[in-house]
Each structure stands twice: as C-alpha cells, then as structure tokens.
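These are my notebook entries on a two-chain model, kept in the order in which I looked things up.

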Amino acid sequence: MSYEIENYQEIIDLFTKCNIDLEKDICFIPENLSKTPKCSDFVYSETTSDLRKVFEEDSVLIEYLTDDKPLLRARKSADWFGPTIFIGFNTLTNNPHLIGVFQSLLSSYLYDFFKGISGGKKVKFEVIIERKKKQEFKKVKYEGTIDGISDLEGLIKSLKK
Amino acid sequence: MMIMLNEVKELFEKFNDVIAHAQDIAIFTRDIELQKSEVAVLRRFIDKSEKLKDENKDKFSEPELNLILCFILSADTISKELSMIICLKNGQMDTAWTCLVQAQTQIAIVARNHPLNEERHWNGYLAKLDAFEKLLFPKMMFASTGGIFKKTCCSICKLEYEDCKHLKGKMYSGELCVREIHDMDIEEVSIVENPANKLCRQLGVPRNGKTVDVLTLKQNSTDREP
C-alpha cells in the first residue's frame, strides 16, 4: 500500500478555466477536470454515489464540484476506484474533526463493501488538500488495502500548514 | 440480539436443518441422484421462504424480512454448489463455472447483509468456494467493461439512483437494492485477472493452431447455459 503526495497547484488554473469559485469546504472533484472546462461534461467515479449517501447518513454533506448533473464512470473491476475528494482550507482549520469522521466512514464503508469477497481487495482514491487558502494545494494518491486508510487522517493533518 | 416472531424463528430452525443436511450432500463423492434430490429440497425451502416473506411484508420487521432473504440466498447458494458438482460429474463445465460464480456472488450478498452478522460462518464457506475455483478450474482472464452511466434507477424506490437514499447491495425489507443501468455509454473493455463479474470470461484458448474451450481444452463446448 502506498500514499503518494505531490504538489497540485494546477488546480487553481483548472478552477479558473471552468469558472469555479475556489471557496470549497469539501467536495468531490471530477476525474476529467483537467480535460474539459465544460462543467456539464464532468465525469466522476460511480463510487461517488454510494459514498455521498453513506456520508449523508452521518450528516456529512459532500457534494459534487458543481450543480450540474454528474456523469458517472463505472469500472467493472473487483478493485474499488474511489472519487477524488477536495478538502478545503476552512475544513482543515475550522473542522479538522471532519477528516477523522471521513476516514472512519470510508473505512467502515469499504470494510462492508469487500465483505464476502475473497482475493485482492485493492482500493484507489485521491484527496486534494488546500494547504494555504487559494494558494497552495497538495494531492494525496492512495493505492492499497483498506488497512492503509487508517493513516489517512494523520497524513492529511500533517499537510496542514 | 434480534427479536423474532415465531414464524421467523421456526423458519430459522428449518433453515438450519435444511442447510446442515444439504452441506452433507454437497460433497463431490456423494451420489449424484442424492444431490439432485437435495437441489429439489432446497428449491422447496426457497419457495416456502419467499411465500412467507411476500405474505408478511407488513407484519414482519425489516431485519426479519432481510433475514428471510438471507435464508433464501444461502439456500440458493448451496443449491448452486450442488448444481456445480452435478454439472462437473456430467461434463457440463461451462454451467459448473456459472453455478460457482453465482454461489460466490450470492454468499457475498448474505455476508454483507445478514442481520446477525456472523462473519465467522461465511469466512469458512467463502474459503471453500474459493478453493473450488482454484483447484477445479483453470486460471482464466476476464472482460471488465468501463463506461459512463447516463441513467440508472434504484430497484427499491424506482427513483434515479443518485436521488434516493438506498445503497446497492444492501437489503431493504427483504428486497435487494440493485442499481439498474438504463442507459450507458461503453468506453472500454479491458482484459483483467480480477473482475467484478466472473461470468464475463475467456471462452477459448489457442492450442496447436486451433481455438479450444478454455475449461476442457476440447474444440467444442460440451454444454449450453440453462
């Protein structure tokens, strides 16, 4: 299992091209954000649907980047391809407990998801962190088993400036 | 602890008896006629359980209805296991594989939804089905499709799946939620080792300049899917 962390400053330009306000607390980011400026063409992982519902059950509201009807990409693989989640500066500083809640809900959902399935249980998802308001961004890529998700909260909080 | 009405308790006891007996018959060396009879016994249990569930949707609680659905799927899983063994004995390898995959799929649904959450029971059975896959069948490649959903509906409430609170793969009052795909643009098909659907599989393999059945290595498949 592995976490990769990289700078992700290009998100500022991408948001600008799509005319999207950078004032986001927490939301799902489309997979093709860098490929199209047209919000109605944004494609998200279809796992976003269930994650959104799971979080909502626990009163954690995570919406799509825009109000456009989301197109959802399905991959009929045994691996779980999760969405890209954006965690804004406000969330990191004013509601850091949400990160723990997010990690806990995600782990619990994935534990359930893979129940009854033998063989490799690989998980992939990304988290974009706004380290400095509207200025500095990091992308955290995760690929590995469910167990590795337990490090996520600590990792995200360590990226906070 | 789950509180159950008497009818559900009685069904639970019947389930335990039926499954215990069926598992004793679901061993390769058992007589094939006994195995065929056992499939019929399981079918009768499933029919009886479905009738009880359907007639008591307003009377039984959601966990009770879900428990009955778990009984149905578990009984059908053992039935599929028996059918797999019967097919193997009859040389119907394609159908044997289908039965195995259906058994694996169903028991995974039960593991995710059983109200009593007895994971220790499923893990042993899952390992058994996994062993069948690895020991009785050759390694195969599978097709995994990827595409964009244009319209999907929830099988429980019939609303657009995005707009409802139901989760696919979960049981609600004895019904399994499925994300029905009504419109989709296919983007790609990949060949993978670990697919979501093991029924989308490699059928042939090149051998001595010809294509032969991947399971039997014979030129033609010996069975047809039911």
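I began with charged pairs, taking a salt bridge to be a side-chain nitrogen of Lys or Arg within 4 Å of a carboxyl oxygen of Asp or Glu. By this rule I count 36 salt bridges over all chains. The model is predicted, so I note that local features need pLDDT of at least 70 and side-chain atom pairs count only at pLDDT 80 or more, while totals for chains, interfaces and linings use all residues. Residues are numbered from 1 along each chain as its sequence is written, chains are lettered from A and ligands numbered from 1 in the order in which they are written, and side-chain values use heavy atoms, with hydrogens and water left out.

**Chain A**

I looked up one salt bridge within chain A, between the side chains of A:Glu126 and A:Lys139, at 3.6 Å from N to O. This pair links distant parts of the chain, with A:Glu126 in strand β7 (residues 123-132) and A:Lys139 in strand β8 (residues 136-144), 13 residues apart.

**Where the chains meet**

Which elements of chain B give two or more residues to the side that touches chain A? I first noted that the contact (heavy atoms within 4.5 Å) takes 29 residues from chain B and 29 residues from chain A. The elements I asked about are α4 (93-113), α5 (119-136), β1 (142-154) and β4 (179-192) of chain B, and β1(B) gives the most, with 7 residues.

The area buried between chain B and chain A is about 2500 Å², of which carbon and sulfur atoms give 43%; buried area is the accessible area (1.4 Å probe) that two parts lose on being put together, summed over both. B:Arg112, B:Glu162 and B:Leu167 supply 23% of the area that chain B buries against chain A, more than any other three residues.

**A sheet across both chains**

I then followed an open sheet of 4 strands, in the order β3(A)-β5(A)-β1(B)-β4(B), with mixed pairing. Its edges are β3 (43-45) of chain A and β4 of chain B, and each has a single partner strand, so one side of each is left without a neighbour in the sheet. Strand β5 (residues 71-75) of chain A pairs with β1(B) in the antiparallel sense over 4 bridges, with A:Arg75 opposite B:Gly146 in β1(B). On the chain B side, β1(B) and β4(B) pair in the antiparallel sense over 12 bridges, and the bridge partner of B:Cys153 in β4(B) is B:Glu180.

**Chain B as a whole**

Conventions: Pairing = 2+ DSSP bridges.
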